[in-house]
Amino acid sequence: MSRYTEDDLVDYENDGYSDEYYEENEDDYEQTMADVADVKELLGKRKIPDEEIIESLRYNDYDIDMTASYLAKKFDKEQAAKSQKAAAAAAKKAEEAKKKGQAAKAKLESDLAKLDINKPAKPTALKNVPLPSLKPTLDLEKEIKEVKLKPKINFVVIGHVDAGKSTLMGRLLYDVEAVDKRLIEQYKRESQNAGKGSFHLAWVLDQTEEERQRGVTMDICMRSFETKTTRFTILDAPGHRDFVPNMIAGSAQADIAVLVVDSSTGAFESGFFLDGQTREHAILVRSMGVTHLIVAINKLDIAESRSEREAEARYYEIKSHLEPFFEKIGFNAKDVSYVPCSGYNGANVVKLHKHELAWYDGPTLLALLESKKITEKDDSGPFRITISDSFSPAHSSAVHMTGRIEAGAIQVGDTAVVVPKNLVLKIKSLKVNDAPCAWAKAGEIIEASVVGCDSPEDLFPSDILCPPTALVPVVQKFRATFVAFELTRPILKGARVMFHRGRINTPATITKMIALVSKADGSVIKEKPRLITSSQAALVEITLDEGPLPMELFKDSKELGRAILRQGGSTIGVCVVDSLIYPKKKASSD
């Protein structure tokens with residue numbers, strides 16, 4: 001179809017119309033652009049420059065259908081050629097990856113063949129590195145009994161976004177002299193230059209450029225300090241709901257929790273009542289086994305022209321809302337402490353301030369932390385270490401990892417197997433609280449230099465280190481007791497969820513609904529239920545969608561036998577592992 005007769009057409013054998021021609025013949029230009037629009041409509045989603053369309057219109061005597069057909073065939077042919085080229089490149093890359101995978105599998109099988117779990121394994125490294133000096137030399141059981149260490153407490157700092165968690169912890173570290181005064185002055189200048197003058201204390205923990213620009217903690221930050229009575233590790237967790245998986249990872253390493261609440265007008269209500277993170281964070285830490293809670297009601301200094309009497313009234317108002325909620329989610333009232341404070345000015349953080357919040361004469365935040373008595377972890381059994389990070393120090397090719405010792409004890413020279421990959425390592429050096437040490441026991445967060453792997457990428461967060469004589473089981477399917485929280489809709493068989501344990505964040509499926517059970521004694525209430533609703537407990541079977549993971553029964557390891565389940569960005573419940581399901585062995589045929 002053409003809108004022009006032969007008499008109307010011009011010879012376009014040379015360069016066609018010039019820009020000057022179109023300026024003098026505006027009607028022709030408008031008609032040409034209308035034809036371009038018609039061609040584009042026929043081309044659909046194919047993106048072709050206007051210049052190319054105009055050239056094709058000229059070549060096809062301004063026949064719109066012919067032009068569109070020609071351009072469509074040309075475009076599709078070019079795209080097909082690109083797709084074929086990309087497919088060939090992908091196939092080549094896949095073949096290379098397959099070869100690497102086969103080589104890695106052969107190496108893994110060779111490593112596994114070296115392990116005899118029925119007797120103590122000989123120290124083995126996967127790289128050809130001589131390790132004659134790396135042998136355990138201490139009687140750990142005797143050493144642990146004889147050496148008297150200060151109690152160690154790991155505490156996670158949680159709460160709604162912008163509650164002032166990082167500032168409060170920066171103030172705590174500064175006031176206990178764990179941070180150099182000159183560094184604080186430097187941060188004060190830098191934060192003022194960045195237009196964030198009030199954030200200088202938060203920068204003690206928020207170290208990345210993105211965190212400082214956004215003014216939001218995004219990942220777990222760890223800092224250690226020591227008082228006359230106790231050794232502490234701070235785990236500063238992000239408050240934004242987008243980073244709940246990182247908050248779970250931090251809470252998995254904690255003995256107690258510090259819940260920071262913003263007392264500013266409307267801020268507490270937003271975090272607690274309006275689907276904020278104050279409520280969800282408290283539920284999460286309790287579900288993960290944290291029983292001791294300190295509530296720091298922050299920003300009670302004389303901001304917003306608030307008088308001392310008004311600050312006191314606000315403190316008790318917030319406390320009255322929190323007390324029944326904590327009791328409802330399982331905290332014992334005697335294990336929950338409250339302190340009014342100001343992270344920015346330091347009131348009641350390390351010292352009581354006579355000129356601010358003078359109506360409060362109870363213990364400071366630091367005093368409450370020191371007063372908490374936690375149950376010592378079992379250091380007598382085989383060690384279990386959950387890796388939280390791996391890296392190479394600056395200007396070094398050595399491989400370092402950090403992690404928490406969940407059970408047992410470890411010393412320099414020990415042999416460790418990384419599960420699930422069964423990589424055999426040797427512990428070359430150890431640090432606790434940035435100080436070198438010869439050994440460490442359950443409850444400690446350690447940094448270890450290891451040999452036997454090529455790079456930090458060989459070690460993944462939530463891999464488990466264990467002795468060759470007591471490997472952690474690896475399964476893809478297990479049975480668990482699942483306790484549902486408040487649900488927006490019932491959970492049915494086949495429900496897809498996200499499985500969170502430490503740094504693990506992987507999709508899973510509830511493949512069987514076995515029975516509804518009593519929360520009190522686990523007795524069966526109803527077999528084969530069709531659904532699970534809010535606050536119900538059920539025995540279920542869960543399958544990990546992306547492959548097996550290290551897993552232990554809850555009765556053997558609370559840390560490796562408990563997980564949080566989330567769905568659609570919300571926490572739906574907690575599960576504890578009751579039994580592991582191993583693949584059935586194929587019957588051998590004669």
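Hi everyone. Please keep in mind that what you see above is a predicted model.

Let's start with the sheet. Six strands, ordered β2-β3-β1-β4-β5-β6, make up an open sheet with mixed pairing. The edges belong to β2 (221-226) and β6 (336-340); each has a single partner strand, so one side of each is left without a neighbour in the sheet. On average, neighbouring strands are turned by 20 degrees against each other, direction ignored. For one of the pairings, take β1, residues 152-158, and β4, residues 256-262: they run in the parallel sense, with 4 bridges. There, V157 has V258 in β4 as its bridge partner.

Now, which strands does helix α12 touch? Helix α12, residues 308-328, packs on the sheet against β4, β5 (292-298) and β6, and its direction makes about 165 degrees with that of β6.

That brings us to the rings. The count of aromatic pairs is 14. In one of them, F326 and Y338, the ring centres are 6.5 Å apart and the planes meet at 40 degrees, so this pair is tilted. F326 sits in helix α12 and Y338 in strand β6, 12 residues apart. Are these two residues buried or exposed? Both F326 and Y338 are buried.

F326 and Y338 also belong to a cluster linked by ring pairs, together with F268, F272, F273, F325 and F331.

Lastly, the cysteines: a search of the whole structure turns up 0 disulfides.

Conventions: Residues numbered from 1 in each chain as written. Predicted model: local features only at pLDDT ≥ 70, side-chain atom pairs only at ≥ 80, totals over all residues. Heavy atoms only, no water. Pairing = 2+ DSSP bridges. Helix = DSSP H or I, 4+ residues; strand = E, 2+ residues; numbered from the N terminus. Axes fitted to C-alpha atoms, helices over the stretch in contact; angles between N-to-C directions. Contact = heavy atoms within 4.5 Å. Disulfide = S-S within 2.5 Å. Phe/Tyr/Trp six-rings, centres within 6.5 Å; stacked < 30°, edge-to-face > 60°. Buried < 20%, exposed > 50% of the residue type's maximum accessible area, 1.4 Å probe, protein only.
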